[in-house]
Amino acid sequence: MTDDKLREELSRQGILATTFAELYNWGRKNSIWPLQFGLACCAIEMISASMARFDISRFGAEVFRPSPRQADLMIVAGTVTKKMAPQVVRLYDQMPEPKYVIAMGACAISGGPFKQGYNVLKGIDRYIPVDVHIPGCPPRPEALLDALMFLQDKIERQPLTGPGRPRHLDVSAPSEFPVPAFGAHDLVPTKNPALWQEPPLTRQD
Amino acid sequence: MQTLEQLKVRLETAVPGARIEIVPNGSPANQPSLLIDREHGRAVAKFLRDDSDLRFDYASNATGVDWPEKTIKEKIKTRKIVDGVEKEVEEVVEKKTAAYLEAVYHLYSMALGHGPLVIRLRTENRSDKVTLPSLTPIWRSCEFQEREIFDLFGIVFEGHGDLRRILMWDEFTDHPMRKDYVDPDDYEYEPTPHDRVLERARLHYPPEATA
């Protein structure tokens, strides 16, 4: 179904034309169930987004699941300390595919104000693949809703075959990522090299 | 409440053998404290809690301080005979301060409404003899705070009962709040590095850039 004009004309006449992929992704994108957990102050904004004023249920994502087995979306809301990071990665591993991650707030995407500290993970994208990064300290609930809509667009556009298909339709794609271990001085390893590499530095002063 | 001088005399008579020193505080806060020797720390604390005039029933805060070894240059004026004439000569003397770890407790009395009284305990050094008596048996509120001091400064509290790390994980071996702690170099991009951050960023520059 590539002829958009024809489809528009048909829908005006009361005939709905669609494809299997569109129907499938339409269902997926309107029932993204987040995992119910919060790590720091960003969680307050996440809770606020789920309440009546901002009302995340308009997007079908109000069903915060208390079990990773029933969740589609992990909202990493807050500072990820190095002591907490293995548990976050383990929760991600326990979620069934298809699964998505929103890194919410400055801390979750880079360590934020604590990035020079010894005890804070400098971005959860070192260990798990992040789909949407939201900057802000903390981001407004509207920013979280915007990230959710961005993710919905991403899901809607995902082809079901070929490259770029969701991981649950790709047998060779990894669904679990190694959980870092507690080392004597730092987490071991300090990053997952398959997911995250240090950006090259060019500044020469 | 009595002055610290009166309190010091009282404590020394109440706990025989206790060596107590008043540590002045030159800052605007002007909150002098009592330095209590390790051996009698708990006996003094018990007296502070149980004495009917003092009744320090509430330890609001326990924290640690790291005092590494420092060399201090002092100018001392001495009279010397130079070429048969007595002259005032300035000499620079280098002194090394003792290195130790310190636990500081802030005590209040809820019953009598006075406080704070600041007491300090010092370890012998900051490498191998880092044991202090735990005051958790006297004030239960010290339990988590002494665990935190143990975690971040490495002071071992004897008689604590549950001395484990509280903030860092059990496998962690360092003490991050010590002055000589070197934190792991888990690089994170900085758009405008400066000072110490710049020094660390330099280590991550590509080899041809640093050459």
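Mentor: Welcome! Helices (H or I, at least four residues) and strands (E, at least two) are DSSP runs, numbered from the N terminus. Pro98(A), for instance, lies in the loop between α4 (85–94) and β2 of chain A. The model is predicted: local features need pLDDT of at least 70, side-chain atom pairs count only at pLDDT 80 or more, and totals for chains, interfaces and linings use all residues. Residues are numbered from 1 along each chain as its sequence is written, while chains are lettered from A and ligands numbered from 1 in the order in which they are written.

Trainee: Which helices and strands does chain A have, and how many?

Mentor: Chain A has six helices and five strands, in the order α-α-α-β-α-β-α-β-α-β-β.

Trainee: Is the peptide bond from Glu97(A) to Pro98(A) cis or trans?

Mentor: Cis, with omega near -5 degrees.

Trainee: Why are α2(A) and α6(A) called roughly antiparallel?

Mentor: Helix α2 (residues 20–29) and helix α6 (residues 141–157) of chain A pack at about 160 degrees, with axes 8 Å apart. Angles under 35 degrees count as roughly parallel, over 145 as roughly antiparallel, 65 to 115 as roughly perpendicular and the rest as oblique. The pair is therefore roughly antiparallel. Asn25(A), Arg28(A) and Lys29(A) of α2(A) are in contact with Gln152(A), Ile155(A) and Glu156(A) of α6(A) (C-beta atoms, placed from the backbone, within 7 Å).

Trainee: Why is Asp55(A) called partly exposed?

Mentor: Count the other C-beta atoms within 10 Å: 20 or more means buried, 12 or fewer exposed, and in between partly exposed, with C-beta atoms placed from the backbone. Asp55(A) has 13, so Asp55(A) is partly exposed. This residue is in the loop between α3 and β1 of chain A and has a positive phi of about 60 degrees although it is not a glycine.

Trainee: And what makes Asn30(B) exposed?

Mentor: Asn30(B) has 8 other C-beta atoms within 10 Å, so Asn30(B) counts as exposed. Its phi is near 45 degrees, also a positive value in a residue other than glycine.

Trainee: How do you know that the buried residues of α3(A) line one face of the helix?

Mentor: In helix α3 (residues 42–50) of chain A, Cys42(A), Glu45(A), Met46(A), Ala49(A) and Ser50(A) are buried. Seen down the axis, they fall within an arc of 145 degrees, so they line one face; the arc is that of the directions from the helix axis to the C-beta atoms.

Technical notes:
Axes are lines fitted to C-alpha atoms, for helices over the stretch in contact, and angles run from 0 to 180 degrees between N-to-C directions. Two residues are in contact if their C-beta atoms, placed from the backbone, lie within 7 Å.
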